[in-house]
Amino acid sequence: MLVKDTFLVFMICAFSTLQAAPVHPTLECTSGLRVHLTVSSIANRSTLNQLELNWMGASPASGDWIGIFNSDPTVSGTANPLERLDLSPTDACEGFYVTNTMVDSYVNSSSELGFVSKCLDYHIGYVSSGGQVLASSCLRLEPTWMADMVGLGDQIIKDIFIPGTHDSGAYSKYDPVLGDTLVLKYTVTQDEDLLAQLIRGVRYLDIRPAYYGPQRAENQTGFWINHGAFQIHRLEVVVAQVQQFLANTENEIVIFDAREFPYGFNSDAIHEKLIAYLQQEFSQYIIPRGSEGWSSRISDLRASGGGKLIISYDNYNMYSKYDWLWNRVEHKWGNVRTLEDLYSYLSEVSAPTNNAWSAMAELTPTAWDVITDELGGLRKMADSVNRNVTSWYQGSWGRTANVVAVDFYRGSDIVRTAIEWNKQKISSGHIKCANKWERSQHRLRRLFQFFQFKFF
């Protein structure tokens, strides 16, 4: 449940109009045409779950257009699009367009998604003036992408690209009748539960346990998922969703990263109680840390007694006592409130040597931002970021990425981006920038592209 005491809102930080506009360019226009669909994070009483057309690497010509279809346009043709956007030679090689098409309710229900990789009933196609489909993709479920990827077993877990969500358990569907309170605007970071996140391809879960004691009959453990000072869901609910996914898939590896412990963990005894609960609930799925830890190959992890779940723990004294707990995933968090500052921060991050790490690709409001609602809430902040994050990591940042975690992840294409980069890493042997000079040249080139777009 969501606590709605608005006088506590300052504690969060202590602990549609159709449009066509380019995003900050980080891909060369010659990098190859790519299109994808996203679901807008913007929600209000009149708009919810609007589809967005996205394109990259285009060279628009007169008569080119992009459309939404309810089947694959390369198979069924392009005669009856749900919507279309006509392009002109003056349009940017990279951009997006918010449509009037809203996804059906079953597409937003984890109980109806299933555990088979497939396209849902929404496809996008880039169509030339001559009627040829030059690029296409779909809104897709990816419950088995790791198992399906040939060669992934030879890769090291800290070197593959893992799509993730920030504050994964702070989810809630938008209620168009009740709308958003100020608290909801700044506590909810995802609009789908963990089961749906996993079915759509997310493999890193950012879990923030809190402890309040077994004060209510429906919460025997006393553990909750919090966002800062705010209780969101009982931990049992979240654990059951992860269990359901693991029980229905094979060879998928999920990272359950327990961290921060924002309330109630005032003694080692509480940590021990949480650890015992996690071990009890996930015993048949846990992957032991082993001697290689985050340098383990995927194939070795899969061979560890059928394990599918890495539980990492943000407390050294605790994780070092148990051979089945892993060191926490290192968060690269910029604590920034503007897109430009996020770009600058993420362009400078470097991977740790022996640990998994996550690029935390979201904006963070200050306490004053929350009180004044200057930034419009986390949904609006995610909307300004996610399409850019997709573009950044479609570029060469994806080569060295490990985890990339976002808010309202359906507004990005981070899952498909991760899958595509992992395939490239497998085929090319995961080539990184050779030296500091090359990395410096790369950063300068990206900054030049950014400011060229912004000011000219």
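Modeller: Gladly! Helices and strands here are DSSP runs, numbered from the N terminus. Please keep in mind that this is a predicted model.

Colleague: Good to know. How many helices and strands does the chain have?

Modeller: The chain has 456 residues, and 57% of them count as buried. Its accessible surface comes to about 18,600 Å², with 51% of that belonging to carbon and sulfur atoms. As for secondary structure, the count is 16 helices and 19 strands.

Colleague: Let me pick a residue, Asp206. Is Asp206 buried or exposed?

Modeller: Asp206 sits in strand E10, which covers residues 204-207. A residue counts as buried when its relative accessible area is under 20%. The value for Asp206 is 0%, so Asp206 is buried.

Colleague: Which residue has its backbone nitrogen 2.8 Å from a polar atom of the Asp206 side chain?

Modeller: Asp206 touches several residues beyond four places away in sequence, including Thr165, His166, Asp167, Arg259 and His331. One of these contacts involves a backbone nitrogen, 2.8 Å from a polar atom of the Asp206 side chain. That nitrogen belongs to Asp167.

Colleague: Let's move to helix H11. What arc do its buried residues cover around the axis?

Modeller: Helix H11 runs over residues 339-348, and its buried residues are Leu339, Leu342, Tyr343, Leu346 and Ser347. They lie on the same side of H11, because the arc they cover around the axis is only 125°. In general, an α-helix has 3.6 residues a turn, so residues three or four places apart point the same way.

Colleague: Is the disulfide left-handed or right-handed?

Modeller: The structure holds 1 disulfide, formed by Cys119 and Cys138 with their sulfur atoms 2.0 Å apart. The pair links distant parts of the chain, with Cys119 in strand E7 (residues 118-127) and Cys138 in strand E8 (residues 133-141), 19 residues apart. The torsion about the S-S bond is about -65°, so the disulfide is left-handed.

Colleague: What is phi of Phe261 near?

Modeller: Most residues other than glycine have a negative phi. Phe261 is in the loop between strand E14 (254-258) and helix H8 (268-282), and it is buried, with a relative accessible area of 10%. Its phi is positive, near 50°.

Colleague: Which residue joins its side chain to that of Glu252 in a polar contact of 2.9 Å?

Modeller: Glu252 lies in the loop between helix H7 (235-247) and E14, and it is buried, with a relative accessible area of 1%. Its side chain has a polar atom 3.2 Å from the backbone nitrogen of Met146. The 2.9 Å contact between side chains joins Glu252 to Arg203.

Colleague: One last stop, Asp64. Which residue makes a polar contact of 3.1 Å with its side chain?

Modeller: Asp64 is in the loop between E3 and strand E4 (65-69) and is buried, with a relative accessible area of 6%. Not counting residues up to four places away in sequence, the residues it touches include Ser59, Leu85, Tyr126 and Ser128. The partner in the 3.1 Å polar contact between side chains is Tyr126.

Note on methods. Residues numbered from 1 in each chain as written. Predicted model: local features only at pLDDT ≥ 70, side-chain atom pairs only at ≥ 80, totals over all residues. Heavy atoms only, no water. Helix = DSSP H or I, 4+ residues; strand = E, 2+ residues; numbered from the N terminus. Buried < 20%, exposed > 50% of the residue type's maximum accessible area, 1.4 Å probe, protein only. Polar contact = N/O pair within 3.5 Å; in protein donor to acceptor, adjacent residues only side chain to side chain. Contact = heavy atoms within 4.5 Å. Arc of directions from axis to C-beta. Areas by Shrake-Rupley, 256 points an atom, 1.4 Å probe, with all protein chains shown as cover. Disulfide = S-S within 2.5 Å.
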